[in-house]
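Student: Please take me through this model by question and answer. Give the cut-offs as the terms come up.

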Amino acid sequence: MEAYCRTFYGFFFNIYTVIVIILIGATFLLKEKKARESYNFLYVFNTIFAWLSLIVFMFYVVGLFLSWYGQNPYEWYAFKSTSTNFGWMEFYLGYFLTTITPFIFFIRKTRVSRKFTIAVVIITHANFLLAYVQNFFRDYQPAAWSTYYEDPWIEKIAKTFFLLIFFAVFYWFANKRKKLPYPSLILNNGV
């Protein structure tokens, strides 16, 4: 379950980055009423991103606790070696950047702020640089290389469809509860 949650989080993070770039561009380019709708979408996406980050954080804490409590030396070594061997600082910094930083979106004012959204996207993408530093020092022997198999395209389409349905339901629910920063043009009276 944890691996699927992390995969879903990574997939959402890739889609989130592209959509945030489009929405922030729309807030600059569109007229007042349609720009407000972009702020609504940005609000909903940032809310989902904050909650998914909390879920991934909780999975990590539970996994850490279970490996410690279970007294399995191999499972405990997997956590201990990453956090104490070479690259321990990159591990903690990367974990902070990708998982803890989006918690700023739990503050309502930051969810529609373009500055905070751009800052969080840049900070969370800085983790990729840290991943390269942490992983590329280890082994360059061709015998240790393995083949990476990408997800089939049908699985990507299914994940994207699920995310869009989830986003639409969340957007509708936020509009019904009057939690959006501006009245919705799409759901209330059309565009």
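Tutor: Helices (H or I, at least four residues) and strands (E, at least two) are DSSP runs, numbered from the N terminus. This is a predicted model in which local features need pLDDT of at least 70 and side-chain atom pairs count only at pLDDT 80 or more, while totals for chains, interfaces and linings use all residues. Residues are numbered from 1 along each chain as its sequence is written, and side-chain values use heavy atoms, with hydrogens and water left out.

Student: Which residue with a positive phi follows α2?

Tutor: Helix α2 covers residues 32–69. After α2 comes a residue whose phi is positive, near 60°, and that residue is Q71.

Student: What span is expected for α2 at 1.5 Å a residue?

Tutor: The expected span of a helix is 1.5 Å times one less than its number of residues. α2 has 38 residues and reaches 55 Å from its first C-alpha to its last. That reach is close to the expected 56 Å.

Student: What percentage of the residues in the protein is buried?

Tutor: Buried means under 20% relative accessible area, exposed over 50%, and partly exposed in between (1.4 Å probe, protein chains only). Of the 191 residues in the protein, the buried share is 35%.

Student: Is Y16 buried or exposed?

Tutor: Y16 sits in helix α1 (residues 2–29). Contact means heavy atoms within 4.5 Å, and, not counting residues up to four places away in sequence, Y16 touches F45, N46, F49, F105, T117 and V121. F45 is 29 residues from Y16 in sequence, with 7.2 Å between the two C-alpha atoms. With a relative accessible area of 0%, Y16 is buried.

Student: What is the relative accessibility of T117?

Tutor: T117 belongs to helix α6 (residues 114–135). Leaving aside neighbours within four places in sequence, its contacts are Y16, V20, I24, L42, N46, F105, T110 and R111. T117 counts as buried because its relative accessibility is 0%.

Student: Which residues does S38 contact, leaving aside its neighbours within four places in sequence?

Tutor: S38 is part of helix α2. Its relative accessible area is 5%, so S38 is buried. With those neighbours left aside, its contacts are L23, A26, T27 and L30.

Student: Where do the buried residues of α4 lie around the axis?

Tutor: The buried residues of α4 are E90, F91, G94, Y95, L97, T98 and T99. They cover an arc of only 165° around the axis, which puts them on the same side of α4. The arc is that of the directions from the helix axis to the C-beta atoms. The place asked for is thus the same side of α4.

Student: What separates the C-alpha atoms of N127 and L93?

Tutor: N127 lies in helix α6 and, at 18% relative accessibility, counts as buried. Apart from neighbours within four places in sequence, N127 contacts G94, L97 and T98. N127 and L93 are 34 residues apart along the chain, and their C-alpha atoms are separated by 7.9 Å.

Student: How many salt bridges does a search of the whole structure find?

Tutor: A salt bridge is a side-chain nitrogen of Lys or Arg within 4 Å of a carboxyl oxygen of Asp or Glu. E32 and R36 meet in one at 3.5 Å, N to O, and K159 and E155 in another at 3.6 Å. The number found in the whole structure is two.

Student: What is the relative accessible area of K159?

Tutor: K159 and E155 are four residues apart in helix α7 (residues 153–176). E155 is partly exposed, at 34%. K159 is buried, and its relative accessible area is 7%.

Student: Which residues make the nonpolar surface patch of about 550 Å²?

Tutor: Patches are made of residues with over 30% relative accessible area and no salt bridge: like charges are joined within 9 Å, nonpolar side chains (Val, Leu, Ile, Met, Phe, Trp, Tyr) within 5 Å. One of the members, W68, is partly exposed with a relative accessible area of 47%. The patch is made by V62, F65, L66, W68 and Y69.

Terms used: Accessible areas come from the Shrake-Rupley method with a 1.4 Å probe; for residues, only the protein chains shown count as cover.
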